[in-house]
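Here is my note on this model, point by point. I begin with the ligand, then turn to the sheet and the domains.

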Amino acid sequence: MMKLRLATPGHLIDIDPLADELGYIRVERHAEDAGEELRIGAMTRHRDLLSSELLARRMAIFTDAERVIADPVVRNRGTIGGALCQADPSEDLSAVCAAVGARLVIRGLEAERVLEMHEFHLRPYETAVGPAEMLIEIRVPLQQHQGSAYEKVDRRAGDWAVAAAGASMRLAAGRIEHAGIALAAVGAGITSTEAEQLLVGERPSDELLARAARVAADHTRPVTDQRGSAEYKHHVAGVLVERALRRAMARALGEDAVPEERA
Ligand SMILES: Cc1cc2nc3c(=O)[nH]c(=O)nc-3n(C[C@H](O)[C@H](O)[C@H](O)COP(=O)(O)OP(=O)(O)OC[C@H]3O[C@@H](n4cnc5c(N)ncnc54)[C@H](O)[C@@H]3O)c2cc1C
C-alpha cells in the first residue's frame, strides 16, 4: 500500500518475522464424514501459492490467478493476507476467495473469530480486522467433484485487472450442487448470488452457463477509467464469468488439464 501511495503510516510494525509460522498451505482432515479443508497461512507469499502442487491439483483457481498477478518482484514478497487486507476492489485473490467460499480467521490478543468473505470486506480498502487484530489463516472447504477457475483481462502482463472473474462448482449426480461466482474491478459486490442460485440444482449446459454469466454481468457496476469504458468492462465481465464457469465445470468433471507452467 505504501508503494502505491495509498498509505503513509506514522509507525510500522514489521510482521515479516511471522512469515515462517504463518506461511503454509495444507489440508486439514476433519473427523469422519466432516470432509477436508484447505488451510492457507496469511503470510503465504504469492510465489508459493503459484508453485503449489496441492493448489494446482485441488484448487486450481489460485494457480490461475497467481499466474496473472503482478510480477516476480511483487510475488516474491507479497502475501495472501496482505492482498486480502488491502481490500482493493481490483484485487484478484479477494475474488478467488469469495468464489470458493473462503472463511477468514482473525486473531486478536484474547480470541479468534472466523468470518465469511462478505463479512470481512466492509467497503473498498476497509476490512473487519480491528486495530489489535491480524488475519492469520484462510480456510476453504475441499470436496469431491469440485472445480474452480479464474479468468482475467489486463492491459499488460501482470497489471491490475480491467475485469476478472472466478468461479467454483461442485457436481453431484450430474447436477450442480454448489456454485460460486465472484468478480474483480467491476464495481458492486464481489459475489453474484442471483447468478449462483440460477445454477444450483440444474444440469450444467452451455445455455445455462451463458445465462448465469449474463446475470452476473448485469449485477456489475463498472466505471469508465483509463482501463476501459463501463460498457466494455460490462461485456468483458460476462465473457469472463462464462469462461470461468466452463473451466470450473470441466475441472469438476476431471476434464481440464491443470496449468503446468508455474514459475
Ligand atoms: C506493482 C504492483 C502490481 C500489483 N499487481 C497486482 C495485480 O495484478 N493483482 C492483484 O491482485 N494484486 C496486485 N498487487 C498487490 C499485490 O498482490 C500485494 O500482494 C498486495 O499489495 C499485498 O502485499 P503485502 O503482502 O506486502 O501487504 P502490504 O502491502 O504490506 O499490506 C497491505 C495492507 O494489509 C495489512 N496487512 C498485511 N498483512 C496483514 C495481516 N496478516 N493481517 C492484517 N493486516 C495485514 C497492512 O497493514 C496493509 O494495510 C500489485 C502490487 C504492486 C506493488
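1. Around the ligand there are 25 residues, and the ones that come nearest are Ala70, Gly78, Gly81, Gly82 and Cys85. A residue counts as near if its C-beta atom, placed from the backbone, lies within 6 Å of the molecule.

2. On the basis of the numbers: this is a predicted model, where local features need pLDDT of at least 70, side-chain atom pairs count only at pLDDT 80 or more, and totals for chains, interfaces and linings use all residues. Residues are numbered from 1 along each chain as its sequence is written.

3. Which elements each supply at least two residues of the shell around the ligand? They are α4 (72–77), α5 (80–86), α6 (92–99) and β7 (134–142). α5 gives the most, with five residues. Helices (H or I, at least four residues) and strands (E, at least two) are DSSP runs, numbered from the N terminus.

4. By class, the shell has 14 nonpolar, six polar and five charged residues. Here Ala, Val, Leu, Ile, Met, Phe, Trp, Tyr, Cys and Pro count as nonpolar, Asp, Glu, Lys and Arg as charged, and the others, Gly among them, as polar.

5. An open sheet of three strands runs in the order β8-β9-β10, with antiparallel pairing. β8 (146–154) and β10 (175–184) stand at the edges with a single partner strand each, so one side of each is left without a neighbour in the sheet. The twist averages 10° from one strand to the next. Strands pair if DSSP finds at least two bridges between them. β8 and β9 (residues 161–172) pair over nine bridges. Valine 153 stands opposite alanine 163 in β9.

6. Two helices pack on this sheet. α6 touches β8, β9 and β10, and its direction makes about 160° with that of β10. Helix α10 (residues 230–252) also touches β8, β9 and β10, and its direction makes about 30° with that of β9. Axes are lines fitted to C-alpha atoms, for helices over the stretch in contact; angles run from 0 to 180 degrees between N-to-C directions. Contact puts C-beta atoms, placed from the backbone, within 7 Å.

7. The protein is divided into domain 1 (16–142) and domain 2 (146–252), with bounds from an automatic or database domain assignment. Their centres, taken over C-alpha atoms, are 20 Å apart. The contact takes 22 residues from domain 1 and 21 residues from domain 2. On the domain 1 side, α3 (60–66), α6 and α7 (117–120) give two or more residues. α6 gives the most, with six residues.
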